[in-house]
Amino acid sequence: MKRILPALLAIMLTLAPSVLFAVQPDEIMADPAQEARARNLSRELRCMVCQNQSIDDSDAPLARDLRLLVRERIAAGNTDQQVMDFLVARYGEFVLLKPRVESRTLLLWLIPPLVLAGGGLALWYGNRRRNRAAAAEEGASFQLTPEEEARLEKLIAGEEPPKTSV
């Protein structure tokens, strides 16, 4: 066990993503409150190179430039909203990992729940049709032919002795 633990720790550290080290020490602001604001804003901004990574997680040079720009704007006294508005004005809505809910992006926000609801309705309808078909098939398999009904009536009346199979 003593040998396994260090080996396991070494493997985990080797496989750990490098995104943990994306923010360089020279980027960190002296004021912890401002640094926390910068990190929160950086998590909401998309790296233009990596596409689906925030600039906080990306090691790309452009992400570093954006992180520094965010920190400069915070140091200049801008609010979080002003920093975001500045970056959107400069780079477009694409820079936001979560697009704003506006009339232009309303379809973007509505499509996933509509697709999910449509899929749920399709599953419900398909299951309902399958159950109806199974019930109809089950009912059809238990219907007697007219000859079988006549024979059953005779058996119930006691006119015909039951056949025994050996």
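This is a predicted model: local features need pLDDT of at least 70, side-chain atom pairs count only at pLDDT 80 or more; totals for chains, interfaces and linings use all residues.
**Close-up 1. Helix α6 and the glycine after it.** Next in the chain comes Gly 158, with a positive phi near 85°.

Close-up 2. Four salt bridges turn up in a search of the whole structure, and here we visit the one between Arg 71 and Glu 35, whose closest N and O atoms are 2.8 Å apart. The pair links distant parts of the chain: Arg 71 belongs to helix α3 (residues 61–75) and Glu 35 to helix α2 (residues 32–44), 36 residues apart. Arg 71 is buried, at a relative accessible area of 4%, and Glu 35 is buried too, at 10%.

**Close-up 3. Asp 80 reaches Arg 37.** Here a salt bridge brings the closest N and O atoms of Asp 80 and Arg 37 to 2.7 Å. Asp 80 sits in helix α4 (residues 80–91) and Arg 37 in helix α2, so the contact ties together parts that are 43 residues apart in sequence. Asp 80 is partly exposed, with 31% relative accessible area, and Arg 37 also counts as partly exposed, at 26%.

Close-up 4. The side chains of Arg 39 and Asp 56 meet in a salt bridge, 2.7 Å from N to O. Because Arg 39 lies in helix α2 and Asp 56 in the loop between α2 and α3, this pair ties together parts 17 residues apart in sequence. Arg 39 is partly exposed, with a relative accessible area of 25%, whereas Asp 56 is buried at 4%. Follow the shared partners and you will find Arg 39, Arg 43 and Asp 56 joined into one network of salt bridges.

**Close-up 5. Arginines over phenylalanine rings.** Two views go together here. The charged end of Arg 73 sits over the ring of Phe 86, 3.8 Å from its centre. The charged end of Arg 46 sits over the ring of Phe 94, at 4.5 Å from the ring centre. And how many aromatic pairs does a search of the whole structure find? The count is zero.

Terms used: Residues are numbered from 1 along each chain as its sequence is written. Side-chain values use heavy atoms; hydrogens and water are left out. Helices (H or I, at least four residues) and strands (E, at least two) are DSSP runs, numbered from the N terminus. Rings of Phe, Tyr and Trp (its six-membered ring) pair if their centres lie within 6.5 Å; planes under 30 degrees apart count as stacked, over 60 as edge-to-face and the rest as tilted. A charge sits over a ring if NZ of Lys or CZ of Arg is within 6 Å of the ring centre and within 35 degrees of the ring normal. Buried means under 20% relative accessible area, exposed over 50%, partly exposed in between (1.4 Å probe, protein chains only).
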